[in-house]
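Subject: Structure handover

Hello,

Here is the structure for you to look over. My notes on it follow below.

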Amino acid sequence: MTDKLLEIDHLTVRFKGARTIHAINDLSLSLGEGETLALLGESGSGKSVTLKALLRLLPPKRTEIEGDIRVGGTDILRLSGRSLQRYRGGDVSMVFQEPALALDPVYTVGAQIAETVMRHKGVSRSEAMEVALDMLKRVKIPSPERRLQNYPHELSGGMRQRVMIALALACRPRLLLADEPTTALDATVQIQILLLLRELQKEFGMGVIFVTHDIGVAVEISERIAVMYAGQIVEEGTTREIIKDPRHPYTRGLLAANLHDVARGERLAAIPGAPPALETRPASCSFAPRCALAGPDCRAGLPPVVTPAPRRRVACLRADEAVPAE
Amino acid sequence: MFSYLLRRLILVLPVAFGVSVICFLLVQIAPGDPLTAIMPVDATAEEQAAMRAAYGLDKPLPVQYAIWVGNLAQGDMGRSIATGRPVAGEVFGAVQNSLLLAVSAAVIAFPIGIFLGFLAGYFRDSALDKAVTAVSIAGVSVPNYWLGIVLVIIFSVNLGWLPSMGAGPGGSRDWSWNWEHMRHLVLPAVTLAVVPIGIVSRTVRALSGDILSMDFVQALYAKGMTRFDVLIHVGRNAAATALSVMGLQLGYLLGGSILIETVFNWPGSGFLLSNAIFQRDLPLLQGTILVLALFFVAMNLIVDVAQAAIDPRIKRS
């Protein structure tokens, strides 16, 4: 198992405060070098929290983290000080959902890329600016020399996200975390950014975890898909397996809720209800209250994890039942 | 940037005109006749009229205003009715003293305010934050002339460490930077610093707290920046707003220290102003208010230009 880039074992994240939120509940996940995984789920399912836990960005005072996260064999949860700084942005970096908010408004984009490079590579400012220029070219920003001197507010949304990607990749991380990087963008720009990310992934060969709630985006970008619900992974497999043979009722619901192939006037198949509030740690299947197939046994205890194939898993009692006729 | 500066300078002209009109009229509205203060009680009507004509007070207001502004343009602010000395000399001497006091207070207040405010913002909702909040609210709320008197009782009367009044030997005319003079500055400057400490720390607390909760701070940590790097980013983000608050505070310190200058007998503009008011000394009053108001206008201009220079989000064109 040494060729694993990322291994998350039994990760549990709780937010403490006026009321406790069980954000992540016993999540395990692994990713090979250069692999692209989409983390799919609706709002509040714990996708972003997982990414932030990976970069240790959760506020330490209000967060309880248990379990094990290893990147390239290093125990991330034990990092501190210098080694944590080297890890963040060096080994693993992140593209945020809202580039308008994730870039410092009073620094030029060139300076923001350069300061990361200086921090990690220990090069001079002018060398770092060279790297920044090179990165802007790689993310295909027109007239990159001029853009280097621009402030974030002088760029369009798509351009800002390109800058964000250039920033994240400037130090050649082994793992890129993309937190819904296309959600805040126009539809046409979304596709451009997706294609760019796919291209850069091939070029740089880093592993990518791509968080999204859009199953179309997940299919477009990833080799593997992990479906998250209520802080747990309910189903995982290759993109093909998930699309062709979804086993978990939640995954089926997500696929059915897609806008494609729906005739005009036909009612969209939506999943009824809302995700649980997670104020208590789930003791039975979290999806059962919304599930059409749920029986009393589903509410009696946590569902078993079925593994129909290697690196394929479904956390559902009904995983082996035939897909109901649609 | 240059064209921005030029445009801002041109915009100052109408403001300065408005300020001069208001200064001129405000004094006319005030009740009381300046002549009663200097004329003997038994002066005849003819003598009063002659005096009135001598000071030009018998002409219609617009004419008086035109003469006043015309003289101003030549650097002549008229003569004090009470002392007969040129107003310009009196005002500039006093403003200099006030500036000395205001800048000293600012030098004390701004670093302390920034430091406390940043601490409170960084450790928001902690005990430290609450302590800083208590200190700053107390600073803003306590009447500073009262505080001045309390400090005088403690440090001048009881302990005898510091003088309680005046600007040192030789008065205001020959100030020099030695302890003999500076010890006179300590109590008034500290007293005057209390309010801006409160205001600056509240501002910086809100600013740094808001900035620290922004997404880009998390993004900075995510790319491997140290706490110190983040601190510098926060500082640059807060600079423009903090600067404008401090610039205006400096303006208030200069003009708003009437009470403190009176408590400490500091020969500044506030002291001059209160004397001018009691003596109905119109030229002196007009001159002092005008200089202070124009200083405020200039302060605003400087703050605006500095803000535009620091913060790229402010449109310069």
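Helices (H or I, at least four residues) and strands (E, at least two) are taken as DSSP runs. With that in hand, residues 144–162 of chain B come out as 79% helix and 0% strand. The end C-alpha atoms of that span are 18 Å apart. Please keep in mind that this is a predicted model.

The span comes from a record. An unreviewed UniProt entry lists "transmembrane region" for chain B at residues 9–30, 99–123, 144–162, 182–204, 242–264 and 284–306. Residues 284–306 of chain B are 100% helix and 0% strand. Their end C-alpha atoms lie 33 Å apart.

Now the interface. Chain A brings 23 residues to the contact and chain B brings 19. Together the two chains bury about 2,000 Å², with 57% of that on carbon and sulfur atoms. On chain A, 27% of the area buried against chain B comes from Val106(A), Tyr107(A) and Arg119(A), more than from any other three residues.

Arg119(A) also has a charged partner. It forms a salt bridge with Asp229(B), with the closest N and O atoms 2.5 Å apart. The rule finds two salt bridges across the interface. It also finds 15 residue pairs in polar contact there, both residues at pLDDT 80 or more.

Which elements give two or more residues to the side of chain A that touches chain B? They are helix 3 (99–102) and helix 4 (109–121) of chain A. Helix 4 gives the most, with five residues. By type, this side of chain A has 12 nonpolar, six polar and five charged residues.

Best wishes

Methods
Residues are numbered from 1 along each chain as its sequence is written. Chains are lettered from A and ligands numbered from 1 in the order in which they are written. This is a predicted model: local features need pLDDT of at least 70, side-chain atom pairs count only at pLDDT 80 or more; totals for chains, interfaces and linings use all residues. Side-chain values use heavy atoms; hydrogens and water are left out. Contact means heavy atoms within 4.5 Å. Buried area is the accessible area (1.4 Å probe) that two parts lose on being put together, summed over both. A salt bridge is a side-chain nitrogen of Lys or Arg within 4 Å of a carboxyl oxygen of Asp or Glu. A polar contact is a pair of N or O atoms within 3.5 Å; within protein, one must be able to donate a hydrogen and the other to accept it, and residues adjacent in sequence count only if both atoms are side-chain atoms. Ala, Val, Leu, Ile, Met, Phe, Trp, Tyr, Cys and Pro count as nonpolar, Asp, Glu, Lys and Arg as charged, and the others, Gly among them, as polar. UniProt positions are given in the numbering used here, feature names are shortened, and annotations may be inferred rather than shown by experiment.
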